[in-house]
Amino acid sequence: MNQRRKFIGQLGLMAGAFSANSLFNQLHAAEWKQAAQKVAGLSPETVATDEDYWSVIQQSFTVNPNLVNLNNGGVSPAPRVVQEAVERFNRLSNEGPSYYMWRILDQGREPLRQKLATLAGCLPEEIAVNRNATESLNTVIYGLELKAGDEVIGTKQDYPNMIQAWKQRAMRDGLQYTQISFDFPIEDDEAIVNAYEKAITPKTRILHVTHIINWVGQIMPVKKICQMAHRHNLEVIVDGAHSFGLLDFKIPDLECDYFGTSLHKFLSAPIGSGMLWIKQDKIGKIWPLLCNDKPHSDDIRKFETLGTRSFPIEQGIGEAINFHTAIGSKRKEERIRYLKNYWAEKVKSIPRVKLHTSLKPEYSCAITGVSIEGMTPAELDSALFNRYKIHTVGIVWENISCVRVTPHVYTRIDDLDRLVQAIETIATKNR
């Protein structure tokens, strides 16, 4: 009888995150439905300020109450339902790895691909599941057929791994890698678009654009940049590591050609999960980063020949999608923007305090850079942690010098009040 029950339980687990028996439905469906009914009909902006509603969401996380984690721009904690899904899939895998991993869990990638495509607003045949934005974007960077003399334009404020990938291609293949520089914050779309356009030469082939600048949270006008680039017959690669699962958008609406993201940031999927999107008619020309028997195939799955991978992590993405969808993309975006503005508006007028991020909704959402005159980012970061147990991260990169603060949906107003008090006290005492 015990063996029968165990087998039936495994069948329920193998039905996956997108069945009526999903772990999310088991743990949260009733409670979340009741909370959602109380805010039904209200705008996302209004719901963003409803602490009763968000308290239900906050209880779904297992974060340490003794640590105020405001570095969600690095990696976000997964909610309990995602953690439990990974643990259950891991236990199942270890009951017979080669059977449960390859014959059972591996089959779950297709429904996962479908659900990611629904969230991204694209075709399932344009989505590859992998481990992070670096892997996604490196696949495109090293997979493009570029020759010596071809130019790629990026910025000095792009993510370091992407900068290094282009520099390595330049070293190996003789590409011309050109970096323009911005002084953020910028509240002028045309100024940003024009900076890219002025850098274009007859040898330019690719623009590399970061959707949300990870250092200070500047939202770039990606669609306008892509439209300009296409007028020049150029392709655009978009680094969406910080935008997917945060901003309410569909990838094809950006009009880019390639898009890579990490799912363990604002989607709160398991740590070590990512996604690559390639416009369908461009898949065939991109070489896979890892070997494949049909490298010129137009099948997006050629980018998933990773060998043995963490199937539990991959399948845990499904419960993260359930969690995200139950909140709603726009509602989630507005809540996180509200949290960012809540603390930033309170500290911006404190003497010696400087914000390095626009507070206008079209130019920022979650991430804000802050500094205190006379203190290095490392000193401010240390003071916040050592005195107040507030975890942030010091940023010193090119022309950017600040501490990055990034709340998430589980962040409580009390935590942000603590941050405001800390900044005010530090700015006043450290003269």
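Which side chain does Arg412 join in a polar contact of 3.1 Å? The legends below take up this question and a few other spots in what is a predicted model.

**View 1. Arg412 and its partner Gln58.** The side chain that meets Arg412 belongs to Gln58, and the polar contact between the two spans 3.1 Å. To find Arg412, look in the loop that runs between strand 13 (400-405) and helix 16 (413-429). Arg412 has a relative accessible area of 39%, so it counts as partly exposed. For a sense of scale, take Leu112: it sits 300 residues from Arg412 along the chain, and the C-alpha atoms of the two are 31 Å apart.

**View 2. Helix 8 packing on helix 13.** Helix 8 covers residues 109-120 and helix 13 covers residues 311-327; their axes are 10 Å apart and the packing angle is about 35 degrees. The crossing of helix 8 past helix 13 is left-handed. Sort the contact residues by class and you get six nonpolar, three polar and three charged.

**View 3. The cis peptide bond at Pro185.** Zoom in on the bond from Phe184 to Pro185: this peptide bond is cis, with omega near 5 degrees. Pro185 itself sits in a loop, with strand 4 (176-180) on one side and helix 11 (189-199) on the other.

**View 4. Asn233, a non-glycine with positive phi.** Asn233 isn't a glycine, yet its phi is positive, at about 60 degrees. Is Asn233 buried or exposed? With a relative accessible area of 71%, Asn233 is exposed, because the cut-off for that label is anything over 50%.

**View 5. Glu255, another residue with positive phi.** Glu255 is not a glycine either, and its phi is positive at about 65 degrees. Look for Glu255 in the loop between strand 6 and strand 7 (258-262). What relative accessibility does Glu255 have? The value is 30%, so Glu255 goes down as partly exposed.

Note on methods:
Residues numbered from 1 in each chain as written. Predicted model: local features only at pLDDT ≥ 70, side-chain atom pairs only at ≥ 80, totals over all residues. Heavy atoms only, no water. Axes fitted to C-alpha atoms, helices over the stretch in contact; angles between N-to-C directions. Helix = DSSP H or I, 4+ residues; strand = E, 2+ residues; numbered from the N terminus. Left-handed = near helix turned anticlockwise from the far one by under 90°. Nonpolar A, V, L, I, M, F, W, Y, C, P; charged D, E, K, R; others polar. Buried < 20%, exposed > 50% of the residue type's maximum accessible area, 1.4 Å probe, protein only. Polar contact = N/O pair within 3.5 Å; in protein donor to acceptor, adjacent residues only side chain to side chain.
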